[in-house]
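Subject: Structure handover

Hello,

Here is the structure for you to look over. My notes follow below it.

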Amino acid sequence: MKNKAPIIEIKNLYYRYANEDVLKNINLTIHKGEFLAILGPNGSGKSTLIKLMLKLLKKQKGEILLYGTPIEKYQAWEKIGFVPQKANAFNSGFPATVYEVVRSGLTKKTGMFRFFPKDVKQRVQEVLQAVDMEDLIHRNIGELSGGQQQRVFIARALIGEPDIIILDEPTVGIDRKRVDTFVHLLERLSKEKNITLVMVTHDLGTILDKASHIAWLNRTLHFHGPVQDFQNLDQTTIKSFYQTEFETLGEQMEEKY
Ligand SMILES: Nc1ncnc2c1ncn2[C@@H]1O[C@H](COP(=O)(O)OP(=O)(O)OP(=O)(O)O)[C@@H](O)[C@H]1O
């Protein structure tokens, strides 16, 4: 990854909730165009790390640089799209159409006022097309399946023309086959639009042939590197990541858990 610009740099990062150390000495650099999957057991600090990168939590100790700027001073949030955990949890009566949900991704911050209303409609159609959802533009969001709702949220993130999209477990509650299609869509966006992706996931089997890099977190960062290097790790090393709950890597790759 020579000559690729660092987009997110995390240096000596620690985080503590009231009486629990959750992140310890995290050092991680994410470069332009990477598709990074963040993996780790429940409660290992994955969501906390993502929230710190997005300034949804205030940094306590260590450094976070976004495009080379310390996060405290960073302003260009329109470059960073976010798809939160359980975005796909609308009930069928939720009173918003797919069009409205996607349009709501255009905020003052993302430069909505650059667009005339006619152009907004066109932009919504374009991003829905990118996720193969343009036919459902007038449907109510709550009437869609979990996988379809997640695609709408990707479109919502895309409408601000982000440089990077951060996703927190976007595939929870979606069946295996649809997860594969969804992750394939992300991979395509990453390649075609050169969008950097950071995705927290439990779907190791699905992610291994799609992501470019893996970060294995369990309060500390046990591994960070290209996916091929992760696949070449020996089983004793991988076992130490899981601590207690361990199956062979082969089983992990075959089974969704
Ligand atoms: N707001 C909070 N206040 C106190 N403790 C919290 C808070 N949010 C998370 N925690 C604790 O911090 C630890 C890490 O949580 P976090 O959500 O970052 O883990 P995670 O790896 O994303 O977990 P999961 O895979 O289950 O979503 C957990 O023990 C959790 O209980």
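Start with a residue pair: alanine 215 stands opposite histidine 224 in β10. Please keep in mind that this is a predicted model.

**The β9 region**

Leucine 39 stands opposite tryptophan 216 in β9.

**The open sheet**

An open sheet is made of 4 strands in the order β2-β1-β4-β5, and its pairing is antiparallel. Its edge strands are β2 and β5 (69-70), each of which pairs on one side only. Strand β4 covers residues 61-66 and pairs with β5 over 2 bridges, in the antiparallel sense. Leucine 66 stands opposite threonine 69 in β5.

**The ligand shell**

Which residues are around the ligand? They are Tyr17, Ala18, Glu20, Val22, Gly40, Asn42, Gly43, Ser44, Gly45, Lys46, Ser47 and Thr48. Two elements give two or more residues to this shell: β2 (20-31) and α1 (46-53). α1 gives the most, with 3 residues. By type, the shell divides into 3 nonpolar, 7 polar and 2 charged residues.

α1 is mostly covered, with 6 of its 8 residues buried. The buried residues are Lys46, Thr48, Leu49, Ile50, Leu52 and Met53. Lys46 and Thr48 are also among the residues around the ligand.

Most residues other than glycine have a negative phi. Two exceptions are worth a look.

Asparagine 12 has a positive phi, near 45 degrees. This residue is found in strand β1, residues 6-17. Is asparagine 12 buried or exposed? Asparagine 12 is exposed, because 11 other C-beta atoms lie within 10 Å, and a residue counts as exposed at 12 or fewer.

Lysine 55 has a positive phi too, near 60 degrees. Lysine 55 follows α1, and its place is in the loop between α1 and β4. Lysine 55 has 15 other C-beta atoms within 10 Å, so it is partly exposed.

**The whole chain**

How many helices and strands does the chain have? There are 9 helices and 10 strands. Of the 257 residues, 35% count as buried. Take the contacts between residues at least 6 apart in sequence: 72% of them join residues at least 24 apart.

That is everything from my side.

Best wishes

How values were computed
Residues numbered from 1 in each chain as written. Predicted model: local features only at pLDDT ≥ 70, side-chain atom pairs only at ≥ 80, totals over all residues. Near = placed C-beta within 6 Å. Nonpolar A, V, L, I, M, F, W, Y, C, P; charged D, E, K, R; others polar. Pairing = 2+ DSSP bridges. Buried ≥ 20, exposed ≤ 12 C-beta atoms within 10 Å, placed from the backbone. Contact = placed C-beta atoms within 7 Å.
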